[in-house]
Amino acid sequence: RHIVYKKEVTSTQDIAHQLVQEGAEEGTIVIADKQTKGKGRLGRPWHSMEEKGLWFSIILRPDIPPQVAPQLTLLTAVAVQEGLERATDLPVEIKWPNDILLRGKKIAGILTEMHSELDRIQAIVVGIGLNVNQQKTDFPEELSAVATSLSMEANGKVFQRSDVIVSVLEKYEHWYYKYLDQGFFPIKKRWEQLATTIGKEITAKTMRKEVQGIAEGITDEGVLLIRKKDGTLESVYSADID
Ligand code: BTN
């Protein structure tokens with residue numbers, strides 16, 4: 001297996017996509033100290049100019065249809081939660097759809113991008129950003145209310161970044177092989193245990209309406225199921241959750 005390490009890149013996703021085109025094998029990891037153009041979901045930028053975080057992309061080549069690719073994002077959330085919690089003992093939470101939070105603030109981000117041809121996936125590039133040793137002043141003003149780092153939540157303790165990534169990658173390997181072996185069910189169960197949203201009374205604000213009820217679980221496509229007061233079940237594809 002290959003690990004490609006760079007001091008500075010635009011985005012580890014860019015390098016990983018290039019490697020996919022060149023035929024890189026499954027399990028190849030691209031990691032960089034700094035990203036000048038880190039990418040977040042929905043075209044947002046991802047602040048990663050500091051060498052204090054972990055910025056990496058994993059190349060996977062699972063033999064699955066493109067429709068179930070979101071399962072890999074849920075798998076990643078489980079591996080990141082377990083890996084971070086084991087490395088730090090901090091109370092890391094998963095919040096639907098794929099936020100990783102620590103005491104209500106964002107500690108990690110996951111970006112899943114896919115190469116597919118007709119009905120087959122050629123590769124999936126899973127990008128993971130972990131805020132490790134940043135302090136409050138390392139974050140731009142507009143992020144400091146919503147983002148945090150492991151160090152900030154551990155009274156300024158400095159974490160060895162290599163310990164943190166090893167812990168996350170070990171969990172990743174565990175869950176990925178389980179997925180190839182047993183399918184999505186074990187991951188779905190674990191995700192539902194770890195996601196703080198599940199089993200709670202929530203209000204989901206979608207673009208068109210508000211849905212109130214108990215979050216019951218997710219489907220194989222990662223859709224959130226809400227049991228409303230009248231007993232009916234409603235599917236929510238994307239929303240803000242309170
Ligand atoms: C999000 O919006 O929450 C997803 C953020 C993903 C950030 C990581 S950092 C490593 C990889 N390279 C990128 O440019 N983005 C992902």
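The legends below describe close-up views of a predicted model.

**View 1. Helix 2 (residues 70–88) packs against helix 3 (residues 161–182).**
Two packed helices are described by the angle between their axes and the distance between the axes. The axes of helix 2 and helix 3 come within 8 Å and cross at roughly 140°. This angle makes helix 2 oblique to helix 3, since angles over 145 degrees would be needed to count as roughly antiparallel. The crossing of the two helices is right-handed. On the side of helix 2, the contact is made by Gln71, Leu72, Leu75, Thr76, Val78, Ala79, Val80, Glu82, Gly83, Leu84, Arg86 and Ala87. Helix 3 contributes Val164, Ser167, Val168, Glu170, Lys171, Tyr172, Trp175, Tyr176 and Tyr179. By class, the residues of this contact comprise 13 nonpolar, four polar and four charged.

**View 2. Helix 2 also meets helix 4 (residues 185–194).**
The axes of helix 2 and helix 4 come within 9 Å, and their crossing angle is roughly 55°. Helix 2 and helix 4 are therefore oblique to each other. Their crossing is left-handed. Leu74, Leu75, Ala77, Val78, Gln81 and Glu82 of helix 2 are in contact with Ile187, Arg190, Trp191 and Leu194 of helix 4. Seven residues of this contact are nonpolar, one is polar and two are charged.

**View 3. Helix 4 contains several buried residues.**
Pro186, Ile187, Lys188, Trp191, Glu192 and Leu194 are the buried residues of helix 4. Their cover includes helix 2, helix 3, strand 4 (92–95) and strand 9 (210–218).

**View 4. Glu192 is a residue of helix 4.**
Glu192 counts as buried because its relative accessibility is 15%, and the cut-off for buried is under 20%. The side chain of Glu192 reaches the backbone nitrogen of Ile218 at a distance of 3.0 Å. When neighbours within four places in sequence are left aside, Glu192 is in contact with Ile198, Gly217 and Ile218.

**View 5. Glu26 occupies the loop between helix 1 (12–21) and strand 2 (29–35).**
With a relative accessible area of 27%, Glu26 is partly exposed. The side chain of Glu26 takes part in two contacts shown here. One reaches the backbone nitrogen of Arg61 at 2.6 Å. The other is a polar contact of 2.8 Å with the side chain of Tyr176.

**View 6. Gly127 lies in strand 7 (residues 120–130).**
Gly127 has a relative accessible area of 8% and is buried. Not counting residues up to four places away in sequence, Gly127 touches Gln13, Phe56, Ser57, Gly109, Ile110 and Leu111. The C-alpha atom of Gly127 is separated by 6.1 Å from that of Thr112, a residue 15 places away along the chain.

Terms used
Residues numbered from 1 in each chain as written. Predicted model: local features only at pLDDT ≥ 70, side-chain atom pairs only at ≥ 80, totals over all residues. Heavy atoms only, no water. Axes fitted to C-alpha atoms, helices over the stretch in contact; angles between N-to-C directions. Helix = DSSP H or I, 4+ residues; strand = E, 2+ residues; numbered from the N terminus. Parallel < 35°, antiparallel > 145°, perpendicular 65-115°, else oblique. Left-handed = near helix turned anticlockwise from the far one by under 90°. Contact = heavy atoms within 4.5 Å. Nonpolar A, V, L, I, M, F, W, Y, C, P; charged D, E, K, R; others polar. Buried < 20%, exposed > 50% of the residue type's maximum accessible area, 1.4 Å probe, protein only. Polar contact = N/O pair within 3.5 Å; in protein donor to acceptor, adjacent residues only side chain to side chain.
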